[in-house]
Amino acid sequence: MDRNSLKCKIGPSILNSDLSQLYAESQRLLDNGADYLHLDVMDGHFVPNLTFGHPVVKCLRKKIPHAFFETHMMVQNPEQWIEPMADAGVSQYTFHIEPVLKDVLPLCRKVREAGMKVGLALKPGTGIEAVRQFINHADMILIMTVEPGFGGQKFMNDMMPKVQWLRHNYPLLDIEVDGGVGLNTITACAEAGANMIVAGTAIIGACDQKSVIASLRETVERSIHKCNV
Ligand SMILES: O=C(CO)[C@H](O)[C@H](O)COP(=O)(O)O
Ligand SMILES: [Fe+2]
């Protein structure tokens with residue numbers, strides 16, 4: 001299997017950081033080796049929690065003009081926020097397919113027309129068959145490894161078969177895992193085939209962010225390399 005063009009990317013989630021210092025926290029993560037920022041947007045409907053929306057993302061973009069911003073849209077109506085998030089300077093718009101199953105394709109098109117990359121996210125209870133027909137229309141698939149809504153939850157190892165299935169059938173697809181990912185769970189993610197790694201608590205709470213990010217990267221790169229030999 002030729003996975004030469006598959007890249008490991010580490011995207012810290014700022015969900016559990018000191019949000020009063022959003023810019024400083026985000027810049028520190030980038031300075032410590034993050035490849036992108038994973039921004040968790042929650043609307044209090046799709047998940048029982050509320051975070052921030054496009055006005056905050058727009059302010060952050062003004063301070064950080066060049067980094068790749070992924071918004072993880074845990075919202076009931078993803079269509080509503082496509083234009084505002086594009087205007088805020090979002091690079092990739094990752095939305096959950098569950099509330100919009102009949103409209104996934106037109107939404108993918110709208111996200112792309114708005115100038116953003118397309119990510120499709122699956123809750124733990126959503127089987128891979130629900131996303132199969134849309135994979136070729138997306139840039140990335142996000143397999144949630146916790147129930148979306150809160151940081152600091154326990155990693156669900158039983159999500160790994162979904163990642164394995166995706167990697168087996170789509171050797172070059174960007175596959176992201178999110179939820180409870182850290183030094184103790186990264187090997188499972190890497191061996192299953194994930195190459196885009198979201199980690200919140202494990203990075204934000206670390207004394208040495210740089211070494212945690214480097215270590216997550218090393219594990220994933222080792223797995224990618226193993227498949228190339
Ligand atoms: O989408 C999320 C929660 O819904 C967060 O991205 C995720 O939980 C990251 O935090 P942690 O690594 O602490 O689990
Ligand atoms: Fe997330």
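Predicted model: local features only at pLDDT ≥ 70, side-chain atom pairs only at ≥ 80, totals over all residues.
**Exercise 1.** Where does ligand 1 sit?

*Solution.* Residues are numbered from 1 along each chain as written, chains are lettered from A and ligands numbered from 1 in written order, and side-chain values use heavy atoms, without hydrogens and water.

Step 1. Ligand 1 sits in the largest pocket.
Step 2. Sitting there means that more than half of its atoms lie within 2 Å of the pocket's grid points. A pocket is an open set on a 1 Å grid over the protein atoms alone, with protein on both sides within 12 Å along at least five of seven lines.

**Exercise 2.** Identify the polar contacts of ligand 1 (pairs of N or O atoms within 3.5 Å).

*Solution.* 
Step 1. Take the side chains. A polar atom of Asp40 lies 2.9 Å from a ligand 1 oxygen. For His38 the distance is 3.3 Å, again to an oxygen atom of ligand 1.
Step 2. An N or O atom of Gly180 lies 2.8 Å from an oxygen of ligand 1.

**Exercise 3.** Name the strand that gives the largest share of the shell around ligand 1.

*Solution.* 
Step 1. Strands E2 (36-42), E3 (68-74) and E8 (196-199) each supply at least two shell residues. Strands are DSSP runs of at least two residues, numbered from the N terminus.
Step 2. E2 gives the largest share, 3 residues.

Methods: Polar contact = N/O pair within 3.5 Å; in protein donor to acceptor, adjacent residues only side chain to side chain. 1 Å grid on protein atoms, 1.4 Å probe; cavity = no way out; pocket = protein on both sides within 12 Å on 5 of 7 lines; lining within 4 Å. Helix = DSSP H or I, 4+ residues; strand = E, 2+ residues; numbered from the N terminus.
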